[in-house]
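Subject: Structure handover

Hello,

Here is the structure I promised to pass on. Please open it alongside this note.

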Amino acid sequence: MSDEITGNEPGQEVARSDGSTKELRPGEWPPADVEHHLRRTDTDPKAQARAVRQVATMFMLSAIMVVLFIVAFIAIPRDAVVSIPFIGPISALNSAMGLTFGLAIFLIGAGAVHWAKKLMSNVEVVQERHPMKSTEDETELAADIYEVGKEQSTWAKFPIIRRTMLAAMALVPIPFIVSLRDLWIQPADVETPSLELRRTIWEPGMRLVTDITYQPIKADEIPTGGLVNAVPENLLEVQEDEENLNARAKAAVIVVRMLPEEIQSQQSPDGEDWGYNGILCFSKICTHVGCPIALYQQRTHLLLCPCHQSTFDLSDSAEVVFGPAYRRMPQLPIEVDDEGYLVAVSDFPEPVGPSFWEISRP
Amino acid sequence: MSTEQISGFEKKGASAATYVDERVHSNSWLSRNLNKVFPDHWSFMLGEIALYSFVVVLLSGVYLTLFYKPSVVEVIYDGPYIPLKGVTISEAYDSALAISFEVRGGLLMRQIHHWSALFFVVAIAVHMFRVFFTGAFRKPRELNWVVGMTLALMALAAGFTGYSLPDDLLSGTGLRIIEGIILAIPVIGTWLSFFVFGGEFPGVDIISRLYGIHILLVPGIIVALITVHLMMVWTQKHTQFPGPGRTDKNVVGYPLMPVYMAKAGGFFFLIFGLITIIAGIVQINPIWIFGPYTPDQVSAGTQPDWYIGWLDGALRLMPSVEWIIFGYTISLNVFIPTVVLPGLLVTAAIIYPWLEAWATGDKKEHHVLDRPRNAPTRTALGVMAITFYVVLWIGGGNDIIAVGFDLSINFMIWFLRFALIILPALAFIITKRICLSLQRRDREKLLHGRETGRILRLPTGEFIEVHEPVNSEEKALLESKPDTKPLPEPPETDSAGVRNPKYKSGRRAAGLSRFLYRDTIEKPTEAEMHHGEQAVEAEDEFEAPLLEREEAMHIAHDGSVLAKPAVDAPESATDTEDGGSDQS
Ligand code: HEM
Ligand code: FES
């Protein structure tokens, strides 16, 4: 920040290329050697007076806007709605406050810029620049000071101090990093994150219930071609118990029904039927990066993820037929219980949701 | 200080200044800086827009913290928004709804906050382009380029963390995707995700953790970096566009006090006011419509904010590849587009100033900006990067486009995959050509002056078009073109015949440099310039008597009369053809 002071001597003059000279006041930079355009406000006193009026008016209007803001704040009810052309309906209070407050601020800016443009000097001036590089002398002095300091510090003299200090400095952040360990407080019954990710709350005999009314689902209530969003029957209890939505984030499923002869394959290793009369159940959580999947085309049995369009063929083990997902959507083996309600046979045999490093480890 | 007209108020101010000065030596600083010169150009306001919208972000954000509750404890909604009455929602969402419907001015502040955040990110991006395309990042400003890039990343971090706070359906979906991305990081991903979310997704910690990051950590870093950024701008003084009298050794513009103060200060109010007005009438992020977040719901067709959209596009365009190595899984389909790709691009952008300096061998200080056409390779690289970004961004909306144009998603994906490779390359080539042809035109203009459209017939019967010398401002602009030459071939041996150990790497560098920088239109030499000036003068001589006569006869400038035979022209054979334009 070493800008030189323009302590011009009184009466100091600069020459301009058109032969004229200009007297500089102390603190004034020499004008740039470009044509100086005179504005109307420079030549016409009337124009100048008009500009002055305009600037003052803007500042005054700003103050008026503040008053209007307060009026709006008090007078307009919170639930009134106005419709703004081309934009649509919006809270009346909001737009009145936004307009008055916004204009109050804007007019100050408009006044200041107008003032600068019309009335303040519009002469471009020149200031010198200096290279960023320090002078030789400065650099040398800095080096000398460094040498003196180094010697006085005994840094070079006792290497053992140097080394132990560097080692200590390298180690001292470790306690902080270690303290971050409990960003996840590991429950006693959880060994590793990857085991946790593999499990859902589905278990043998657990009923499927709809995700909104939590009613158990009778097999014959599902029409062929239909799709039902379902969750495990104890989900609400678990949610209440754990006070989080983790169980839901893994256990959500979709149940679809197709004609049994339309099913080409299922995920059971030995060709066993994991469904019931053409009813199949799959995870709802995309194996790509975990969006819940919602779009199902009953004619083609394709399940489409709205996030990045991964597409899975539910009639063919939910294999990926298109899109960035790599793993198929895990199937939940189901059957019906004595009362005819759909229940899970077991938890998901394959992990649900996005892939992770240890996912294919046994 | 002059003694005329000092008001009582100013006297008080002066004694306050003295009081402070006696304690912190401030008058010395003022004497050096109060009249600091700032060059004027509309594009220099882009950084200011970023700065001012950040101030607006801070002010509105502080207001929001007074009402917002970063908690996912479940409550039953009981506010004035009827469709959600009785629904179980998180306290965070509940408080965001209260800010929108119950707190007077709350919705306005929420919308000011969101709008100004958008202004902030857009302004940073455009500011960055200005800095890039004009070469403002060159020595001595490379470090400020790095500070700027870090600011840009912080702005994205601020945007993303803020987006997640209301805990509505959109923000939760965004977080879920982030979890998927973290899980895809090899080796540490699974554990990292558990540390970030405090266990499994979504857990109960993420909102309050993001809150701390959003309102303290990221803004703190941004404030610190802006301070460094502006101190560097201050110390190095602002760059200027080429023009008469502007050199690398001076700065031409208006002094801080008063003109720049009034303009820049006023501009802050303009931006603040504009954002407030927009926030008053244009709704943004209507969280009540999306509903609360639950991990098994998603609303189709929702789009992330534009600055995240390109990563979404990258996720969509990436083919489905997953490797299993020694039993461990690497999700390349997620890891490459969301971690590797942005990582590489950001790194390339950060080190670009050094890359360019290395490839051109340019070690000089630059304070006069380049016109983009005069740095064709750089300009072409920039346009190439923008094209790449735009293709990915379109990829992020491919479903909407596919539906809109009745195309299959499959077609869209393949089309965009090819486009992602071909279009940026095309953009590079075309941009470079355009730059070079603009350079050629500049050279013509500099040599032969401006074409006037007036045609003369010479005594020899030949037709010429009259040129006028360009004015001094334009001339300075045209002459500003730097002479770029590729790096020279390194010598194979030194003068003593010893083999140059750096010969090989030097040759490779020279080869790259030649490929990138060989195309340029040479600046006219002194002799050519002289020749050109003479030609223009000669034309003028031919034309002068005609113009005089025209003036004397007050011929209207419609050109038609000029076709009459010249009455008193010395060379009677000189004639004008209708040029159709006047000689202003
Ligand atoms: C928080 C965001 C940012 C703020 C508030 C900010 C603010 C400013 C301001 C006010 C200036 C001076 C006026 C101007 O040239 O526009 C400036 C200059 C500069 N900015 Fe930024 N900026 C931001 C981000 C960036 C980014 C993302 C980059 C590039 C990667 C960048 C690189 C630069 C450079 C190199 C200069 C010096 C330019 C010159 O002197 O010509 N800034 N910045
Ligand atoms: S999350 Fe389903 S395709 Fe990406």
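Predicted model: local features only at pLDDT ≥ 70, side-chain atom pairs only at ≥ 80, totals over all residues.

Residues are numbered from 1 along each chain as its sequence is written, chains are lettered from A and ligands numbered from 1 in the order in which they are written, and side-chain values use heavy atoms, with hydrogens and water left out.

**Where the chains meet**

Chain B puts 107 residues into the contact, and chain A puts in 92 residues. Contact here means heavy atoms within 4.5 Å. Together the two chains bury about 8700 Å², with 62% of it on carbon and sulfur atoms. Buried area is the accessible area (1.4 Å probe) that two parts lose on being put together, summed over both. Three residues of chain B stand out: B:Arg104, B:Glu200 and B:Asp296 supply 9% of the area that chain B buries against chain A, more than any other three residues.

B:Asp296 also forms a salt bridge across the contact, with A:Arg248, at 2.9 Å from N to O. The count of salt bridges between chain B and chain A is 3. The term means a side-chain nitrogen of Lys or Arg within 4 Å of a carboxyl oxygen of Asp or Glu.

On the side of chain B that touches chain A, helix H10 (residues 256–281) gives the most, with 16 residues. Helices (H or I, at least four residues) and strands (E, at least two) are DSSP runs, numbered from the N terminus.

A pair of strands also crosses between the chains. Strand E5 (residues 125–128) of chain A runs antiparallel to strand E4 (residues 250–255) of chain B, joined by 4 bridges. Strands pair if DSSP finds at least two bridges between them. In this pair, A:Val126 stands opposite B:Val252.

B:Arg316 sits in helix H12 (residues 306–317) of chain B. B:Arg316 is buried, at a relative accessible area of 2%. Buried means under 20% relative accessible area, exposed over 50%, and partly exposed in between (1.4 Å probe, protein chains only). A polar atom of the B:Arg316 side chain lies 2.8 Å from the backbone oxygen of A:Cys307. The B:Arg316 side chain also makes a polar contact with the side chain of B:Asn398, at 2.6 Å.

**Inside chain A**

A:Leu332 lies in the loop between strand E13 (319–322) and strand E14 (334–336). Its relative accessible area is 0%, so A:Leu332 is buried. Beyond its neighbours within four places in sequence, A:Leu332 is in contact with residues including A:Trp202, A:Trp274, A:Cys281 and A:Phe282.

Strand E9 (residues 279–283) of chain A has 5 of its 5 residues buried. Strand E8 (residues 253–257) of chain A runs antiparallel to E9, with 5 bridges between them.

A:Arg207 forms a salt bridge with A:Asp337, the closest N and O atoms being 2.9 Å apart. The two residues are 130 residues apart. A:Arg207 counts as buried, at 16% relative accessibility.

**Inside chain B**

B:Thr134 is found in the loop between helix H5 (106–133) and helix H6 (142–164). B:Thr134 is buried at 5%. A polar atom of its side chain lies 2.7 Å from the backbone oxygen of B:Arg130.

B:Arg138 and B:Asp370 meet in a salt bridge through their side chains (3.1 Å, N to O). That pair ties together parts that are 232 residues apart in sequence. B:Arg138 is buried at 9% relative accessibility, and B:Asp370 is buried at 7%. Both belong to a network of salt bridges that also links B:Glu356 and B:Arg378.

A further salt bridge joins the side chains of B:Lys445 and B:Glu474 (2.8 Å, N to O). B:Lys445 is partly exposed at 23% relative accessibility, whereas B:Glu474 is buried at 15%.

Over all chains, the structure holds 29 salt bridges.

Best wishes

Technical notes. Polar contact = N/O pair within 3.5 Å; in protein donor to acceptor, adjacent residues only side chain to side chain.
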